[in-house]
Amino acid sequence: MAPLTASAQDAGIFANPSIGDVTESDSKKMPDKWTFDDCVNWAVENSTDVRKILLSALQADEEIGAAKDAWLPNVGFATSHSFTNYPSPDEGRSANVYGSSYGINAAWTVWEGNIRKYRLESAKIARQQQNLAGDDVVKNIKLGILQAYLNTMYAKEAVEIARQTLEVSTSQTERARRLMESGRTSKVEFAQIESQMAQDQYNLVQAEGNLASTKMTLKTILELGIDYDMQLADLSFSDSDINAILPSMTETYAAAAAWLPGIKSNDLSKEIYDNDIKIAKAGNLPTISLQGGLGSGYTSGGKSWASQMGHGFNENIGLSLSVPIYDGNATRRSVAKAKLAALEYDINKENLLNDLSQTIESLYIEAENSKARYTSGLKQLEATQLTAQLVDRQFELGYVAPLDLLTAHNNLVNAKLELLQSKFMAILANKTIGYYATTEMNLP
């Protein structure tokens, strides 16, 4: 398959596919560290969903060719051979007679209510819809990778938080052990702190498992092998990525409604429905056909084969007109069914726009909520860090109980994780909104 880029949708990759694009995929070298663009490019180049659309596009091309071929005449050669036995033939007549005929016949429909024209138009529109179906697959791939990639980055940072937390609790446990050995704290208090270290060890294992799970989701989208160890490139986000100024909700909705492949494809369906109605109405129109042929024949018992064939050679041409008078209401029913099917366009468009409206509104709500949580989370983290430092020092001096130390420890961990979650949720919402508004998607 020819190399594709992250902007594959805009490049019209489905315009001129070949059989090789469907049956072959690139064996391009995998990157050592996967960036977001690497993931998108790889998925579009190797996705079986993309190749299915390419196959459908090739089939649609054949449908266009068939619609064009309907304008061509039908030409055929026909010959017949017979042997006749007369048990009581007339005097001078052979009892056994061999006969043969040969002919080349052609027929061409001159006019049939423009059915061929409308079918060709519909076939071309259906081909455009295959392009849009491909664009829709690419859109879904991008959105799926964006979410999976950010989820993996979130899980990666969550592992680091869990690892740092375990280092802190390990240090606290060692310090509590020394205090216990010096008689400044009890075994019960030491056990409480030691149990927190065990909990943090479990949390690290759980975070690493979650990272493996998010990587598996991303690998599934990219269709990588089960035993492939995927490593992501380092990625950092600034506050501008989190607090990005977004276009208005109405602007994003209008932009998305103008370019989304599913909506554009549904608009093209209206033209197909209109053609279906015209084709159905053509059942009431006459059909004009042109026929012609060349022929000759031979019968045994007479002159030679060559002589009979030469003198019997004939040419014929004719024009026929077929006018429908009554077809048992078949045409009327066909027109009614075509008109009812056309109503599906309005229903589908309303559903598509409603779904888009809900999606856009949900994204904006998520973006605003995540930004607010991130802003408050920064303040909360600062406060919990200060509290944890004070409590840690007070515990070392013997002024607070282990329970206070553990509470401050867990509050700090929760504050870090909540801030991390709101950060990545805000970025996901912002990037998705930006994609709907501009058709562009990129990560730093």
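Predicted model: local features only at pLDDT ≥ 70, side-chain atom pairs only at ≥ 80, totals over all residues.

**Exercise 1. Describe how helices H3 and H5 pack against each other.**

Solution. Two packed helices are described by the angle between their axes and the distance between the axes.
- Step 1: H3 covers residues 36–46 and H5 covers residues 115–181; their angle is about 140°, and their axes are 10 Å apart.
- Step 2: The crossing in which H3 passes H5 is right-handed.
- Step 3: On the H3 side, the contact is made by Phe36, Cys39, Val40, Ala43 and Val44. H5 contributes Val138, Ile141, Lys142, Ile145, Leu146 and Tyr149.
- Step 4: Sorting these contact residues gives ten nonpolar, no polar and one charged.

**Exercise 2. Find the largest nonpolar core and say which residues have the most contacts inside it.**

Solution. In soluble globular proteins, nonpolar side chains tend to be buried together.
- Step 1: The largest core here has 69 residues, and Ile145, Tyr149, Leu218 and Leu222 have the most contacts inside it.
- Step 2: The elements that give it two or more residues are H3, H4 (48–69), H5, H6 (187–222), H8 (249–259), H11 (330–397) and H12 (402–438).
- Step 3: Another core, of eight residues, lies apart from this one and includes Ala155, Met197, Ala207 and Leu211.
- Step 4: Now zoom in on Leu218. Not counting residues up to four places away in sequence, Leu218 touches Cys39, Ile145, Ala148, Tyr149, Thr152, Met230 and Leu232.

**Exercise 3. Decide for Ser265 and for Thr287: buried or partly exposed?**

Solution. Take one residue at a time.
- Step 1: Ser265 sits in helix H9 (residues 261–281). Its relative accessible area is 18%, so Ser265 is buried, as that is under 20%.
- Step 2: Beyond its neighbours within four places in sequence, Ser265 is in contact with Gln129 and Leu132.
- Step 3: Thr287 belongs to strand S3 (residues 287–299). With a relative accessible area of 26%, Thr287 is partly exposed.
- Step 4: Leaving aside neighbours within four places in sequence, the contacts of Thr287 are Thr109, Trp111, Glu112, Ser320, Leu321 and Ser322.

**Exercise 4. Where are Asn114 and Thr439, and what is the phi of Asn114 and of Thr439?**

Solution. Place each residue, then read its phi.
- Step 1: Asn114 is in the loop between strand S2 (96–111) and H5. Its phi is near 65°, a positive value in a residue other than glycine.
- Step 2: Asn114 is partly exposed, with a relative accessible area of 26%.
- Step 3: Thr439 is in the segment after H12. Although Thr439 is not a glycine, its phi is positive, about 70°.

Definitions and conventions
Residues numbered from 1 in each chain as written. Heavy atoms only, no water. Axes fitted to C-alpha atoms, helices over the stretch in contact; angles between N-to-C directions. Helix = DSSP H or I, 4+ residues; strand = E, 2+ residues; numbered from the N terminus. Left-handed = near helix turned anticlockwise from the far one by under 90°. Contact = heavy atoms within 4.5 Å. Nonpolar A, V, L, I, M, F, W, Y, C, P; charged D, E, K, R; others polar. Buried < 20%, exposed > 50% of the residue type's maximum accessible area, 1.4 Å probe, protein only. Core = buried A, V, L, I, M, F, W, Y, C linked by side-chain atoms within 4.5 Å.
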